[in-house]
Amino acid sequence: MEDLTTAAALWWAVVASGIYHGINPGMGWPLAVSAALMNQAHTGLYKALLALSAGHLVAMAAILFPFSAMMILVEWQREIRVGAAILVIGVGVYLLINRRHPRFLARVPPTRLALWSFLAAMAHGAGLMLVPIYLGICDLAAQDAGHSAAGALMGANALRAGLVAVAHTLAMMVSGGALAVGVYYWLGLKFLSRSWFNLDIVWASSLIIVGLLSLSVTH
């Protein structure tokens, strides 16, 4: 029963982090509004949201799938989780110290929103936030599986990595899309200029918190 509760909490964390990424302007939903206004067509809004989501999904998968392969080393699970947690904390500390946005993102053409979304997610460590959560899900599954064959365990971990990436990206698309739709149809650009919020410090701090929580529960 306790394992089921823990698993549910971890999956909710996947969704919550997706919502968090979605409402963060740094992940691109204002660009979807801009694309629709530039094209003078509401279809541009949805195409842009799909492109941003596709880039974000690929970035999440690019981070998670290597860890799914490493989790086959069952005897090294604790070391892998500790290393991942330290990496997440390190990125969070770096982002706290260096709060300048990567200049290369400004060089990506507006027509390549999927590429921009992928690079933005990688540069801001968005995928790394999911790693400790994903490793916790895999750890629970490995305990349930007992002495599963290594190949089957690796395949199951890869499937979980895909499911985590998809669930996270769907939550991100819904929350970011809701904001973009609201601004485009009802609130207007004045709301965007008056209500712009900078989550850089919150973002970096949340990475550190996720890493510290992962270290505290690693055994």
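1. A quick word on terms before we start: buried here means under 20% relative accessible area, exposed means over 50%, and partly exposed is in between, with a 1.4 Å probe and protein chains only.

2. Ground rules for what follows. This is a predicted model, with local features needing pLDDT of at least 70, side-chain atom pairs counting only at pLDDT 80 or more, and totals for chains, interfaces and linings using all residues. Residues are numbered from 1 along each chain as its sequence is written, and side-chain values use heavy atoms, leaving out hydrogens and water.

3. Back to A13, which belongs to helix α1, residues 2-23 (helices are DSSP runs of H or I with at least four residues, strands are E runs of at least two, both numbered from the N terminus). Its C-alpha atom is 8.6 Å from that of L130, although A13 and L130 are 117 residues apart along the chain.

4. Is H56 buried or exposed? H56 counts as buried because its relative accessibility is 0%. You'll find H56 in helix α3, residues 43-70.

5. What does the side chain of H56 pair with? The side chain of H168, through a polar contact of 3.1 Å (a pair of N or O atoms within 3.5 Å; within protein, one must be able to donate a hydrogen and the other to accept it, and residues adjacent in sequence count only if both atoms are side-chain atoms). Leaving aside residues up to four places away in sequence, H56 also touches H21, M27 and M172, among others (contact means heavy atoms within 4.5 Å).

6. Now the packing. The largest nonpolar core has 51 residues, and L45, L64, V131 and Y134 touch the most other members (such a core is a set of buried Ala, Val, Leu, Ile, Met, Phe, Trp, Tyr and Cys residues joined through side-chain atoms within 4.5 Å). The largest share of this core, 11 residues, comes from α6.

7. Take L64 as an example from that core. Not counting residues up to four places away in sequence, L64 touches L130, V131, Y134, A161, V164 and A165. L130 also turned up in point 3, as the residue whose C-alpha atom is 8.6 Å from that of A13.
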